[in-house]
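Here is a friendly walk through one protein model, written for someone who likes cut-offs stated plainly. Have the sequence and the coordinates open as you read.

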Amino acid sequence: MNTGSDEPGEVAMADDEADNERALGSRAPEFVKARRALHVSWQVGVFVVGLAVVGAGVVMLPLPGPGWLVIFGGMAIWATEFVWAQLVLRWTKRKVTEATQRALDPRVRRRNIILTSIGLVIVAVVVGVYVWKFGFEMPWNIKE
């Protein structure tokens with residue numbers, strides 16, 4: 001059974017895809033949501049943990065480490081409680097899926113292979129000229 005709209009351009013969604021599109025909102029346990037003070041404390045805790053993870057990811061961007069992966073992990077932590085983070089993650093997932101589909105297009109793949117081959121040939125020529133002129137000497141050791 002498919003769900004969708006009758007609007008032109010709308011794509012019907014399979015049931016398992018519809019299940020993946022969870023309702024927006026807090027995923028806190030019911031006993032936490034039932035008590036206002038506990039729920040606010042829960043949200044503050046989730047925000048602080050998510051902020052620490054996102055901060056670590058930002059630090060990893062210029063340093064060695066999986067910076068973007070950690071940032072998206074922090075966003076996923078925030079998305080357990082905050083609607084804005086859920087919307088950002090849905091948008092990001094949609095854009096990554098679209099980019100993957102574009103990259104798998106045979107014409108795009110062929111173009112990328114050709115451009116990569118041309119780039120490798122240019123790099124090989126530059127390295128060959130360097131080795132022919134200077135030998136296997138590091139650039140900072142050349143006295144010329």
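Asp105 is partly exposed, with 23% relative accessible area; this class covers what lies between buried (under 20%) and exposed (over 50%), judged with a 1.4 Å probe and protein chains only. The model is a predicted one, where local features need pLDDT of at least 70 and side-chain atom pairs count only at pLDDT 80 or more, while totals for chains, interfaces and linings use all residues. Residues are numbered from 1 along each chain as its sequence is written, and side-chain values use heavy atoms, with hydrogens and water left out.

**Salt bridges**

The partner of Asp105 is Arg107: the two form a salt bridge whose closest N and O atoms are 3.5 Å apart. Here a salt bridge means a side-chain nitrogen of Lys or Arg within 4 Å of a carboxyl oxygen of Asp or Glu. Arg107 has 60% relative accessibility and so counts as exposed. How many salt bridges does this rule give? The count comes to two.

Lys95 and Glu98 also meet through their side chains in a salt bridge, at 3.7 Å from N to O. These residues are three apart in helix α5, which means that about one helical turn separates Lys95 from Glu98. Lys95 is partly exposed at 37% relative accessibility, and Glu98 is partly exposed too, at 34%.

**Elements of the fold**

Six helices and two strands make up the element list of the protein. Reading from the N terminus, their order is β-β-α-α-α-α-α-α. Helices (H or I, at least four residues) and strands (E, at least two) are DSSP runs, and they are numbered from the N terminus. Of the 144 residues in the protein, 14% are buried.

**How α4 and α5 pack**

Two packed helices are described by the angle between their axes and by the distance between the axes. For helix α4 (residues 67-79) and α5, the angle is about 135° and the axes are 7 Å apart. The axes are lines fitted to C-alpha atoms, for helices over the stretch in contact, with angles running from 0 to 180 degrees between N-to-C directions. Are α4 and α5 parallel, antiparallel, perpendicular or oblique to each other? At that angle they are oblique; angles under 35 degrees count as roughly parallel, over 145 as roughly antiparallel, 65 to 115 as roughly perpendicular, and the rest as oblique. The crossing of α4 and α5 is left-handed, a label used if the near helix is turned anticlockwise from the far one by less than a right angle, with clockwise giving right-handed.

**A nonpolar patch**

Which residues make the nonpolar surface patch? Val40, Val44, Phe47, Val48, Leu51, Trp84 and Val88 do, over about 580 Å². The elements giving two or more residues to this patch are α3 (36-60) and α5 (83-103). With five residues, α3 gives the most. Val88 has its place in helix α5 and is partly exposed at 36% relative accessibility.

Patches are built from residues with over 30% relative accessible area and no salt bridge; like charges are joined within 9 Å, and nonpolar side chains (Val, Leu, Ile, Met, Phe, Trp, Tyr) within 5 Å. Accessible areas come from the Shrake-Rupley method with a 1.4 Å probe, and for residues, only the protein chains shown count as cover.

**Pairs apart in sequence**

| Pair | Separation along the chain | C-alpha distance |
|---|---|---|
| Gly50 and Thr80 | 30 residues | 9.9 Å |
| Val49 and Gly74 | 25 residues | 7.8 Å |
| Pro66 and Ala56 | 10 residues | 9.9 Å |
| Leu87 and Leu24 | 63 residues | 8.2 Å |

Gly50 sits in helix α3 and is buried, with a relative accessible area of 0%. Val49 is also placed in helix α3, but Val49 is partly exposed at 46%. Pro66 lies in the loop between α3 and α4, where Pro66 is partly exposed with a relative accessible area of 45%. Leu87 belongs to helix α5 and counts as partly exposed, at 44% relative accessibility.
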